[in-house]
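Here is a short note for a colleague opening this model. Please look through the structure before reading the points.

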Amino acid sequence: MARIRLDKVSKRFGVHTAVSDLSIDVADGEFFVLLGPTGAGKTTTLRMIAGLEKPSAGSIYIDDENVDAWGPAERDVALVLQQYSLYPRLSVRENLAFPLRSNVRKMSQPDIDKRIDYASKTLRITHLLDRKTDRLSGGEMQRVSIGRAIVREPKVFLMDEPLSALDAKLREALRSELKDLQMRLGATFIFVTHDQVEAMTMGDRIAVLNKGRIVQVGTPRDVYTNPRDTFVASFVGSPAINLLPGSLAGDVASVAQAFEMPITRSAAVEGPVTFGIRPEDVEVTAGAPNEARIHDVENHGIEKIVTLRVGENLMRAAVPARVEVKVEEAVRFSWNPDKVMLFDAKTGLNLRGQAA
Amino acid sequence: MAVVSTRSGRLGNRIAIAVVIVVTLIFLSPIYWITTTAFKPLVQATSVPPSVLFEPQITPFVKLFTKRAQLTAPVAPEVYEAAPWWERLVLDGGERLARDGKGDVVFSAYPDRFINSLIIAITSTILAVSMGTITAYGFSRFRVKGEADLLFFILSTRMLPPIVVAIPMFLMYRAVGLNDTHVGLIILYTAFNVSFAVWLMKGFMDEIPKEYEEAALVDGYTRMQAFFKIVLPEAATGIAATAVFCFITAWNEYAFALILTNRRAQTAPPFIPSQIGTGLQDWTVIAAGTVLFLIPVAIFTFLLRNHLLRGMSFGAIRK
């Protein structure tokens with residue numbers, strides 16, 4: 001197991017900069033998530049750690065050893081991909097044995113059998129061992145490819161959207177399985193995903209990337225409650241945060257020239273700002289100070305997401321499932337003044353030190 | 001609705017099958033023609049209108065493998081009686097077999113030329129396909145500076161018809177002593193086919209997900225091992241299709257072989273027409289030579305037919 005450190009790493013492809021000036025420090029045994037939209041540079045970062053791409057600038061350290069000159073084989077990292085991750089024409093057992101037969105390991109057959117036995121029991125794929133890989137379902141394939149990583153007992157597991165190609169139910173099941181596995185192995189995981197739910201549920205820490213740069217690194221709770229800017233705020237959380245233009249005078253927020261609400265102040269800010277309020281912090285109750293109309297209702301079973309129309313603006317609120325609302329009905333709402341986030345109207349940066 | 005669409009579907013199928021049969025018959029007719037000609041008596045081979053019914057004979061094949069001379073006088077009956085059956089066939093046609101000093105039958109050059117063809121076509125195919133495969137892998141997997149220009153340059157070697165460069169090639173080959181050598185033709189056919197092999201194989205290589213090799217690299221294998229263990233088996237279909245194309249090209253090549261070889265390294269294509277006969281035009285011998293010449297290509301293609309079916313649909317290997 002190992003600690004992974006990236007020091008001011010950049011990667012350019014011709015004129016296009018995929019990753020710029022990226023520094024992260026992943027602790028031993030940590031489940032570290034690289035989260036970002038398509039093209040944010042997550043996969044490129046992962047491939048540089050694996051040694052499949054050479055950084056244009058900066059250095060990578062595994063256990064405090066500079067590995068810039070090392071090839072992928074020497075780094076002792078395991079890689080699990082979204083698809084095409086299994087060797088075709090080989091059976092599941094041969095796939096699992098493949099990394100153990102390489103020149104850098106050259107394990108004896110009894111040792112190989114022992115490792116395969118352990119990995120296949122861990123992942124409950126013992127019954128699949130003699131199948132050809134083209135006769136596996138998507139979920140089984142991903143289990144086997146995780147198994148191929150486990151048998152190696154690598155320094156670090158690198159996972160590039162391993163669950164993205166699976167259907168929702170299976171993704172959910174494998175999500176908790178993976179997290180469970182990581183804790184049992186005590187291994188360092190670096191996990192790339194564009195799915196913020198995966199990041200929130202599995203990660204010990206999350207690095208949010210955008211356009212090749214790190215925007216924020218923190219625990220899931222940190223990133224959720226105290227996003228560094230409007231990008232992180234809107235990328236993390238589902239349903240998405242409400243971002244509304246307005247201005248601040250004293251303790252009173254006037255939002256989108258439609259309504260005024262108090263907020264709890266923690267920074268000396270005046271003038272135009274962007275307000276951020278998560279749907280669960282918007283309350284729809286009879287006695288509330290502001291009026292809105294119901295624009296849309298989404299029933300999620302466990303709760304309802306209602307979209308409120310206030311003047312020209314739309315605003316989502318999470319309400320308990322038992323609340324009966326109809327489209328175009330007039331309702332009253334308020335927000336939790338402690339939870340309102342303030343962002344700079346121009347740069348989008350979070351203006352509060354801490355949003356409680 | 002369902003019934004109607006099924007019926008029209010069936011009708012469509014039948015039309016398709018009918019079209020395939022007609023097209024196949026058209027394509028097979030020259031082969032039928034040359035094969036029947038090879039077994040016809042000479043008179044019937046050139047008769048107009050062509051004769052469909054005839055008594056098959058193998059005289060043309062005997063003639064193909066021997067050297068003959070015109071009979072100047074009728075052969076003595078006791079000599080005719082003593083001759084083996086295949087020699088009688090030749091005597092019946094008004095020719096006698098040439099014999100060497102010891103009285104043994106002199107074989108024609110056809111077997112040698114045929115073997116030349118095999119050596120040159122097989123060697124150049126192996127070389128062109130292996131070079132093409134490696135080159136295509138490089139182009140497919142690595143960022144190559146000026147990739148498009150290089151690929152165009154490689155293909156441009158195929159843009160002139162062989163006959164245009166045959167004379168300059170002849171002069172150069174004569175200067176370096178490659179005229180009428182196996183090596184000379186092998187080099188030429190390899191160079192000629194490698195461009196084609198690169199382009200074909202690049203298409204197949206691009207279809208193989210590079211994730212496979214990258215997984216192997218991370219799993220502790222070298223680039224070379226990953227290529228042999230993972231890429232080559234996946235590319236087998238493409239390699240087979242490319243090999244068939246290259247083999248057919250080298251096997252059928254006429255212009256270079258005609259100009260650059262005359263004896264030792266001559267291949268079958270320029271040799272066969274030279275056997276048109278002494279005194280009269282013996283098309284049956286030509287036909288016999290051609291029929292035998294078709295066999296290796298047919299066998300080769302037949303052996304690789306499973307790969308070809310998938311390989312010809314260029315790229316649709318999986319998914």
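How far apart do the C-alpha centres of domain 1 of chain A and domain 2 of chain A lie?

1. They lie 38 Å apart. Domain 1 of chain A covers 4-234 and domain 2 covers 239-344. These bounds come from an automatic or database domain assignment.

2. Some ground rules. This is a predicted model, in which local features need pLDDT of at least 70, side-chain atom pairs count only at pLDDT 80 or more, and totals for chains, interfaces and linings use all residues. Residues are numbered from 1 along each chain as its sequence is written, while chains are lettered from A and ligands numbered from 1 in the order in which they are written.

3. The two domains of chain A touch through four residues of domain 1 and seven residues of domain 2. Contact here means C-beta atoms, placed from the backbone, within 7 Å.

4. Chain A as a whole has nine helices and 20 strands. Helices (H or I, at least four residues) and strands (E, at least two) are DSSP runs, numbered from the N terminus. The C-alpha trace of chain A spans about 75 × 45 × 35 Å along its principal axes.

5. Of the 356 residues of chain A, 40% are buried, with 20 or more other C-beta atoms (placed from the backbone) within 10 Å of their own.

6. Now the chain contact. Chain B gives 14 residues and chain A gives 19 residues. On the chain B side, helix H10 (211-218) and helix H11 (223-252) each supply at least two residues. The largest share, six residues, comes from H10(B).

Methods: A residue is buried if 20 or more other C-beta atoms lie within 10 Å of its own, exposed if 12 or fewer, and partly exposed in between; C-beta atoms are placed from the backbone.
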